[in-house]
Amino acid sequence: MLKVQLADRVKNLPPYLFATIDKMKQNALSKGIDLIDLSIGDPDIPTPQHIVDAMKKAVENPAHHRYPSYIGMPSYREAVADWYKQRFNIILDPKTEVLSLIGSKEGIGHIPLAFVNPGDVVLVPSPGYPVYPVGTLFAGGESHIMPLKEENGFLPDFKAIPESVLKRAKLMFLNYPNNPTAANASEGFFKEAIALASKYNIIICHDAAYSEMYYDNEKPISFLKVEGAKDVGIEFHSLSKTYNMTGWRIGFAVGNKDVIAGLGKIKSNLDSGVFQAIQEASIVALRTDDSILSDIRKAYQDRRDALYEGLKGLGIQANKPKATFYLWAKAPKGFDSTKFAAHLLEEAGVLGTPGVGFGAPGEGYIRFALTQPVERIKEAVERIKKVL
Ligand SMILES: *Cc1c(COP(=O)(O)O)cnc(C)c1O
């Protein structure tokens with residue numbers, strides 16, 4: 001009999017902190033409870049029809065049935081560059097500064113393989129997207145946690161990072177608008193990050209998955225818009241959240257050409273690019289009139305207002321999200337994040353994600369995703385009211 005033994009990099013994966021909650025969720029569903037699930041960061045709104053139609057047409061074209069270019073079709077990379085010009089007024093060279101990705105998660109997970117040697121440090125925000133430390137681990141790197149604290153506006157405090165760590169650091173992940181805290185970053189913050197990265201020769205990887213999911217007409221800025229950014233880093237982007245296309249698996253990385261080339265080198269050895277029909281449909285998405293995005297934003301803004309105002313009325317503290325489709329709320333006194341999530345699930349049939357699942361500094365918080373219609377969100381608030 002084969003003795004199956006996992007490699008250390010798999011054995012060393014952090015414990016799956018959502019396991020308890022997942023079990024309770026399955027248990028509730030099997031009992032037929034009418035669950036209001038606010039735990040999933042996946043749009044409930046379908047992909048706009050004209051994008052689906054473009055895909056239908058593209059899939060009939062035999063030219064798209066062959067291997068794609070691993071860096072992305074020239075027309076896709078041009079559409080990305082045009083989108084950056086239009087949205088951020090940033091000029092990108094589609095030949096050298098744009099790379100297609102099979103979803104931004106793919107690029108984020110792979111980039112440490114290009115730049116991190118065993119023992120090197122990667123600076124990782126926490127609470128945060130779990131792929132940053134996991135990609136680091138798979139490359140043999142060491143994550144240095146940068147806690148995102150409420151008193152700092154959920155921005156990392158660079159002064160708290162020891163000099164000895166900075167000297168060993170190769171990469172730094174940042175993510176604004178932020179999942180899970182819904183915080184935004186200012187130009188001043190990015191300037192500070194760029195100064196640090198230049199001094200210590202650190203590559204900045206900015207994850208901008210939520211740049212188009214903003215409220216009150218306050219558009220988040222691009223990291224690449226800040227002076228010196230292209231000298232030290234890249235930005236990851238995705239069509240997933242912007243165009244309700246999580247299932248399609250397409251994104252892109254843009255910025256410093258040497259960093260883009262390094263990531264491209266890893267990818268050309270591991271995957272063979274994105275199905276060209278998906279790239280064709282994504283070109284249509286990127287060239288979509290902004291009114292479609294305003295409608296999507298409007299829908300989320302109504303939900304945000306319903307949840308934020310509702311929870312505030314119950315005395316649950318949270319910052320009003322300026323962007324993303326998350327609300328990061330404090331668990332009330334007497335609850336840690338897992339206990340509070342379990343209480344809401346069992347007593348109210350409302351599911352949120354315990355903050356500690358995004359890293360230890362997320363303890364004491366719960367994340368609600370605005371991925372249910374307004375009426376369901378209002379009902380969730382009513383139910384929570386009864387069990388506080
Ligand atoms: C959803 C999300 C992504 C996007 O993932 P895709 O692989 O492009 O679907 C990236 N970063 C964060 C923080 C996210 O929440």
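Me: Which residue forms a salt bridge with Arg 168?
Reply: In this predicted model, the partner of Arg 168 is Glu 142, and the closest N and O atoms of the salt bridge are 3.1 Å apart. Arg 168 lies in helix 7 (residues 163–168) and Glu 142 in strand 4 (residues 142–147), so the pair ties together parts that are 26 residues apart in sequence.

Me: How many salt bridges does the rule count?
Reply: The count comes to 22 salt bridges. Asp 34, Arg 376, Glu 379 and Arg 383 are linked in a network of them. Within helix 14, Glu 379 and Arg 376 are separated by about one helical turn, because they are three residues apart, and the closest N and O atoms of their salt bridge are 3.5 Å apart.

Me: Changing topic, how is the chain divided into domains?
Reply: Domain 1 takes in 8–46 + 291–387, while domain 2 covers 49–286. Their C-alpha centres lie 25 Å apart, and 33 residues of domain 1 are in contact with 31 residues of domain 2. The area buried between the two domains is about 3000 Å², of which carbon and sulfur atoms give 60%. On the side of domain 1, Arg 297, Lys 322 and Thr 324 lose the most area to domain 2, together 22% of what that side buries.

Me: How many salt bridges are found across that interface?
Reply: The rule finds three salt bridges across the interface of domain 1 and domain 2, and it also finds 14 residue pairs in polar contact there. Helix 12 gives the most to the side of domain 1 that touches domain 2, with seven residues.

Me: What about Arg 304, which residue does it pair with?
Reply: Arg 304 meets Asp 216 in a salt bridge, at 3.1 Å from N to O. The two are 88 residues apart, with Asp 216 in the loop between strand 6 (203–207) and helix 9 (229–232) and Arg 304 in helix 12. Asp 216 is partly exposed, with a relative accessible area of 35%, whereas Arg 304 counts as buried at 1%.

Methods. Residues are numbered from 1 along each chain as its sequence is written. This is a predicted model: local features need pLDDT of at least 70, side-chain atom pairs count only at pLDDT 80 or more; totals for chains, interfaces and linings use all residues. Side-chain values use heavy atoms; hydrogens and water are left out. Domain bounds come from an automatic or database domain assignment. Contact means heavy atoms within 4.5 Å. Buried area is the accessible area (1.4 Å probe) that two parts lose on being put together, summed over both. A salt bridge is a side-chain nitrogen of Lys or Arg within 4 Å of a carboxyl oxygen of Asp or Glu. A polar contact is a pair of N or O atoms within 3.5 Å; within protein, one must be able to donate a hydrogen and the other to accept it, and residues adjacent in sequence count only if both atoms are side-chain atoms. Helices (H or I, at least four residues) and strands (E, at least two) are DSSP runs, numbered from the N terminus. Buried means under 20% relative accessible area, exposed over 50%, partly exposed in between (1.4 Å probe, protein chains only).
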